[in-house]
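Morning, everyone. I have one structure to show today, and I'll keep it brief. Let me put it on the screen.

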Amino acid sequence: ETGKSVAQVIIRWHLQLGNLVIPKTTHRERLIENSNVFDFVLSESQMDRIASLDSGQRIGPNPNDME
C-alpha cells in the first residue's frame with residue numbers, strides 16, 4: 001500500500017505519533033532504509049489500522065515496571 005518496508009511503516013507510525021524513534025541495526029543497508037521515512041505520510045485510516053493491532057498483551061517486560 002505504501003511501497004515501504006514494514007520497518008519503515010512502523011518507524012513512520014511512531015514519528016507521526018510524536019514518539020522518538022531510535023532504530024538499531026548493524027547493517028548499512030538497513031540503516032539507510034530506516035532513515036528513508038520522510039518521503040511519505042500514513043493516512044489517518046492507516047494510523048488507526050496499525051493502532052488497532054494492539055492487543056494489550058506484552059511479550060517482554062513492561063517498561064513502566066522497570067526500576
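**Pocket, packing and a salt bridge**

The largest pocket holds about 200 Å³ of space. Keep in mind that this is a predicted model.

What lines that pocket? Val6, Val9, Ile10, Trp13, His14, Ile50, Ala51, Leu53 and Asp54 do. The most comes from α1, with five residues. By type, the lining has seven nonpolar residues, one polar and one charged.

Now the two helices themselves. Helix α1 covers residues 6-17, and helix α3 covers residues 44-51. They pack at an angle of about 105 degrees, and their axes are 11 Å apart. Angles of 65 to 115 degrees count as roughly perpendicular, so that is how α1 and α3 lie to each other. Which residues make the contact? From α1, they are Val9, Trp13, Gln16 and Leu17. From α3, they are Met47, Ile50 and Ala51. Six residues of this contact are nonpolar, one is polar, and none is charged. Val9, Trp13, Ile50 and Ala51 are in this contact, and they also line the largest pocket.

Last item: charge pairing. How many salt bridges does the structure hold? One. It joins the side chains of Asp39 and Lys4, at 3.0 Å from N to O. Where do the partners sit? Asp39 is in the loop between α2 (28-35) and α3, while Lys4 is in the segment before α1. The two are 35 residues apart, so the pair links distant parts of the chain.

Definitions and conventions. Residues are numbered from 1 along each chain as its sequence is written. This is a predicted model: local features need pLDDT of at least 70, side-chain atom pairs count only at pLDDT 80 or more; totals for chains, interfaces and linings use all residues. Side-chain values use heavy atoms; hydrogens and water are left out. Axes are lines fitted to C-alpha atoms, for helices over the stretch in contact, and angles run from 0 to 180 degrees between N-to-C directions. Helices (H or I, at least four residues) and strands (E, at least two) are DSSP runs, numbered from the N terminus. Angles under 35 degrees count as roughly parallel, over 145 as roughly antiparallel, 65 to 115 as roughly perpendicular and the rest as oblique. Contact means heavy atoms within 4.5 Å. Ala, Val, Leu, Ile, Met, Phe, Trp, Tyr, Cys and Pro count as nonpolar, Asp, Glu, Lys and Arg as charged, and the others, Gly among them, as polar. On a 1 Å grid over the protein atoms alone, a cavity is a set of points where a 1.4 Å probe fits but cannot get out, and a pocket is an open set with protein on both sides within 12 Å along at least five of seven lines; lining residues have an atom within 4 Å of a point. Grid points are joined across faces, edges and corners, and a volume is the space filled by probe spheres set on the points. A salt bridge is a side-chain nitrogen of Lys or Arg within 4 Å of a carboxyl oxygen of Asp or Glu.
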